[in-house]
Amino acid sequence: MTIKYKDINLNYEKYGDNKEVIVILPGWGETRNTFLDIINILKIDYTVYIIDYPGFGKTEFPNYDLTLDDYAHLIIHFLRELNIKKPNIIAHSFGGRIAILLNSIYNINFKNLILIDSAGIKPKMTLKKKIRLKCYKTLQSLANHLPKKLKKKVKTYLFNKFSSSDYQALNPKMRNTFKNIINLDLTNNLTNIKANTLILWGEKDLDTPLKDAKIMHKKITKSELIIFPNCTHFCYLENTYVIIRIILCFLDD
């Protein structure tokens, strides 16, 4: 199913037909496929919606860069078009960024919020990273003075050498959007979250480290934190049925 927002045909899936609603905001690059086990149980008692962001699944990316606010407006439009009021939100990683912005800045009312290994806290730039970035920019600048054919080869080499594998894997027209998002720090927004919040986190998460979970728990007034030992950034895939039971208990309480 799709709804139109500006020139974006937003694809989404609906499961179940119950009064109470859950909206799943997946992580960057994820689609409904990674959440199917969770959806198949939640749909028994809830109506569950899950969205394909622009550039992923069946939603095409537009011919311009997006910001996190654009994603927030996209979700707001989705909720209004489907007349979804006070949904339960389950948000993983990048989806957590959107959820934080929706509740803290745009005052979208959630019945409950579940953050799973959520992004939103910008990591501090270490000295090693600063030196690496400076080196990359300097070499790229020097490459601009090379002959055209050689310049292209050198720039490609530098890009592959210094860029992360996630960044390299992106469609080129999505790279500025990716930078717009990861450079945004939502730490100060956390104190404005009003929803009852459950924070689920993998102890060994390297993408959004455990210290981020503790900051979120401290700053979000009505929050509980559950840490899963030996789990990574995808604790909901590594402890699926335990997490489903926890989510159901949280939503029923």
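1. Start with helix 3. Its buried residues are Phe94, Gly95, Gly96, Arg97, Ile98, Ala99, Ile100, Leu101, Leu102, Asn103 and Ser104. That makes 11 of the 11 residues of helix 3 (residues 94–104), so the helix is largely enclosed by the rest of the structure. Bear in mind that this is a predicted model.

2. What lies over helix 3? The cover on its buried residues includes strand 3, strand 5 and strand 6. Helix 2, helix 7 (175–182) and helix 8 are also among the covering elements.

3. The overall inventory is quickly given. The chain holds 10 helices and eight strands. Of its 253 residues, 47% count as buried. Among contacts between residues at least 6 apart in sequence, 73% join residues at least 24 apart.

4. On dimensions, the C-alpha atoms fill a box of roughly 65 × 40 × 30 Å along the principal axes. The radius of gyration is 20 Å. A compact globule with 253 residues would have a value near 18 Å, so the two agree.

5. Eight strands form an open sheet, in the order 1-2-4-3-5-6-7-8, with mixed pairing. At the edges are strand 1 (2–5) and strand 8 (223–228), each of which pairs on one side only. From one strand to the next, the twist averages 20°.

6. Look at the antiparallel part. Strand 2 (residues 8–15) and strand 4 (residues 47–51) run antiparallel and are joined by four bridges. Here glutamate 13 stands opposite isoleucine 50 of strand 4.

7. Now the parallel part, around strand 7. Strand 6 and strand 7 run parallel, joined by five bridges. Isoleucine 116 stands opposite leucine 200 in strand 7. On to strand 8: six bridges join strand 7 to strand 8, again parallel. Tryptophan 201 has isoleucine 227 of strand 8 as its bridge partner. Between these two strands the chain passes through helix 8 (residues 210–219), and this β-α-β crossover is right-handed.

8. Is strand 7 enclosed or open to the outside? Six of its seven residues are buried, so strand 7 is largely enclosed by the rest of the structure. Helix 10 (residues 240–252) lies across strand 7 (196–202), running at about 170° to that strand. Helix 10 also lies across strand 3 (21–25), strand 5 (88–92), strand 6 (112–116) and strand 8.

9. Which residues of the largest nonpolar core touch the most other members? They are Val23, Leu25, Phe78, Ile98 and Met216, out of 47 residues. Helix 2 (residues 68–81) gives the most to this core, with eight residues. A second core of 24 residues is separate, and includes Ile22, Ile114, Leu198 and Tyr236.

10. Leaving aside residues up to four places away in sequence, leucine 25 touches Ile51, Tyr53, Ile75, Ile89, Ile90, Ala91, His92, Gly95, Ile98 and Ala99. Among these contacts, Gly95, Ile98 and Ala99 lead back to helix 3, where each of them is listed as buried. Ile98 is also one of the core members with the most contacts to other members.

How values were computed
Residues numbered from 1 in each chain as written. Predicted model: local features only at pLDDT ≥ 70, side-chain atom pairs only at ≥ 80, totals over all residues. Heavy atoms only, no water. Pairing = 2+ DSSP bridges. Axes fitted to C-alpha atoms, helices over the stretch in contact; angles between N-to-C directions. Contact = heavy atoms within 4.5 Å. Core = buried A, V, L, I, M, F, W, Y, C linked by side-chain atoms within 4.5 Å. Buried < 20%, exposed > 50% of the residue type's maximum accessible area, 1.4 Å probe, protein only. Right-handed = clockwise from strand over helix to strand, strands pointing away. Rg over C-alpha atoms; globule rule 2.2 N^0.38 Å.
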